[in-house]
Each structure stands twice: as C-alpha cells, then as structure tokens.
Amino acid sequence: MTKRIAVYPGSFDPLHNGHLDIIERCRTIFDEVVVAVLYNEVKKPLFTVEERIEAIRELVGDTCRVESFSGLLVDFMDRVGGNVVVRGLRAVSDFEYEFQMALMNRRLNPRVETVFLMPKEDYIYLSSRLVKEVFALGGDLRGLVPDPVLARLRQRLRPGAPA
Ligand code: PNS
C-alpha cells in the first residue's frame with residue numbers, strides 16, 4: 001500500500017499551540033508527516049527559517065520531518081513524495097483563502113489533495129500574528145505558545161526583561 005505522507009505547510013512565525021495540535025492530529029492519521037516551513041522574506045518574518053525549524057524540531061523530536069521550502073508547494077510535494085496537504089481550519093473566515101489555495105494546488109498538481117483539520121477549540125482564535133502582537137505589548141501567552149517558543153520570543157522582543 002502507498003505510504004500516506006502528509007505535508008503541513010506554513011510560515012510558523014512563530015509556531016503556537018494550535019499548530020502543535022494540528023501536528024499531533026496529523027500523526028494519528030498519516031504514516032509520515034513533514035512540517036514544511038516557507039521561505040518568504042516578503043512577509044518580513046520575526047524569526048529566520050532556520051530559527052523556526054530549530055524551534056519546531058525541539059518540540060516534535062523525531063516524530064516528524066521538519067524542512068524548509070520555497071517556490072510552489074505542489075513542487076515541494078513532488079520532491080518529498082507527499083500526497084496530502086494538511087491545513088488547519090479555525091473559523092469560517094479562514095475558509096475562502098484556504099478553499100482557493102486547495103483548488104489552485106489541485107489544478108497545478110492533480111495528485112495532491114488538501115485535508116483540513118480543526119484544532120482544539122481552545123486554540124481557534126490563535127494566530128502567529130496575534131501571538132507576536134500580544135507578546136510585544138506585554139501580554140501573557142502561557143498555555144497558548146510552547147515554552148521554547150516563549151523563550152525565543154522573550155529574547156527577540158523583550159531582551160533584558162525579567163522572565
Ligand atoms: O501559514 P501561512 O502563511 O498561512 O501558510 C501559507 C502557505 C505557506 C501554505 C502558502 O503561502 C504556500 O503554500 N506558499 C507557497 C507558494 C505557493 O505554492 N503558492 C500557491 C498557493 S495556491
């Protein structure tokens with residue numbers, strides 16, 4: 001039987017508990033999971049791709065592969081032999097963009113299917129953008145962001161502040 005290889009792509013700038021929850025769910029469904037971190041300097045990321053990969057690897061250990069990619073996602077799918085793209089769907093507002101991407105990816109590479117997974121309800125309002133904004137303004141993100149990521153946010157956004 002063909003191995004079911006899922007690719008979970010994103011910016012992960014930074015990874016939060018909603019992402020981790022989706023990764024956990026993927027692991028119960030697919031034979032292999034590849035977390036794919038997009039190189040996209042246009043978005044002016046807070047963390048480099050290498051920093052994001054290091055943080056994700058620290059959290060997932062050897063349960064998943066963590067790789068970077070640039071260019072089209074469907075080409076990356078071919079390179080890693082992935083057959084399913086996994087995306088987290090938090091709310092109806094995510095749907096339109098995700099629907100467009102899924103159909104475009106299928107048009108570009110009919111071999112690739114997209115599967116949507118819903119994170120735990122506790123995380124449906126979480127986004128990397130909000131995480132950065134709330135943290136920079138002094139908000140408490142415990143329980144929403146894994147500790148190694150919190151430590152990196154502290155170093156980057158509140159250097160010198162007490163932990
Ligand atoms: O976490 P994000 O930023 O919402 O992830 C978006 C991502 C990385 C899945 C998307 O931007 C992507 O796949 N980019 C790669 C370029 C590509 O294939 N574009 C066409 C998508 S239809």
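1. Basis. This is a predicted model, in which local features need pLDDT of at least 70, side-chain atom pairs count only at pLDDT 80 or more, and totals for chains, interfaces and linings use all residues. Residues are numbered from 1 along each chain as its sequence is written, and side-chain values use heavy atoms, with hydrogens and water left out.

2. Largest pocket. A pocket is an open set of points on a 1 Å grid over the protein atoms alone, with protein on both sides within 12 Å along at least five of seven lines. The largest pocket holds about 950 Å³ of space, a volume being the space filled by probe spheres set on the points, which are joined across faces, edges and corners. Its lining (residues with an atom within 4 Å of a point) comprises 39 residues, and Gly10, Ser11, Lys43, Arg87 and Tyr97 lie nearest the centre.

3. Make-up of the pocket lining. Helix 4 (92–108) is among the elements that supply at least two residues each, as are strand 1 (5–10) and helix 5 (128–136). Helices (H or I, at least four residues) and strands (E, at least two) are DSSP runs, numbered from the N terminus. Helix 4 gives the most, with seven residues. By class, the lining has 16 nonpolar, 13 polar and ten charged residues; Ala, Val, Leu, Ile, Met, Phe, Trp, Tyr, Cys and Pro count as nonpolar, Asp, Glu, Lys and Arg as charged, and the others, Gly among them, as polar.

4. Ligand. The ligand is surrounded by 14 residues, the closest being Ser11, Lys43, Gly71, Leu73 and Arg87; a residue is near if one of its heavy atoms lies within 4 Å. An oxygen atom of the ligand lies 2.6 Å from a polar side-chain atom of serine 11. For lysine 43, a polar side-chain atom is 2.8 Å from a ligand oxygen atom. Leucine 73 instead presents a polar backbone atom, at 2.8 Å from an oxygen atom of the ligand.

5. Cavity. How many cavities of 30 Å³ or more does the structure hold? There is one, a cavity being a set of points where a 1.4 Å probe fits but cannot get out. The largest cavity has a volume of about 60 Å³, and its lining includes Phe12, Pro14, Phe47, Arg52 and Val149. Helix 2 (49–60) and helix 6 (147–157) are the elements that give two or more residues to this lining, and helix 2 provides the largest share, four residues. The cavity lining divides into seven nonpolar, no polar and three charged residues.

6. Aromatic pairs. Rings of Phe, Tyr and Trp (its six-membered ring) pair if their centres lie within 6.5 Å; planes under 30 degrees apart count as stacked, over 60 as edge-to-face and the rest as tilted. The count comes to three aromatic pairs. Tyrosine 8 and phenylalanine 12 form an edge-to-face pair, because their ring centres are 5.3 Å apart and their planes at 70°. Phenylalanine 69 and phenylalanine 76 have ring centres 5.2 Å apart and planes at 35°, so this pair is tilted.

7. Buried means under 20% relative accessible area, exposed over 50%, and partly exposed in between (1.4 Å probe, protein chains only). Tyrosine 8 is buried at 4%, and phenylalanine 12 is buried at 3%. Arginine 154, in helix 6, is partly exposed, because its relative accessibility is 26%. Its C-alpha lies 8.2 Å from that of phenylalanine 135, 19 residues away in sequence.

Technical notes: A polar contact is a pair of N or O atoms within 3.5 Å; within protein, one must be able to donate a hydrogen and the other to accept it, and residues adjacent in sequence count only if both atoms are side-chain atoms.
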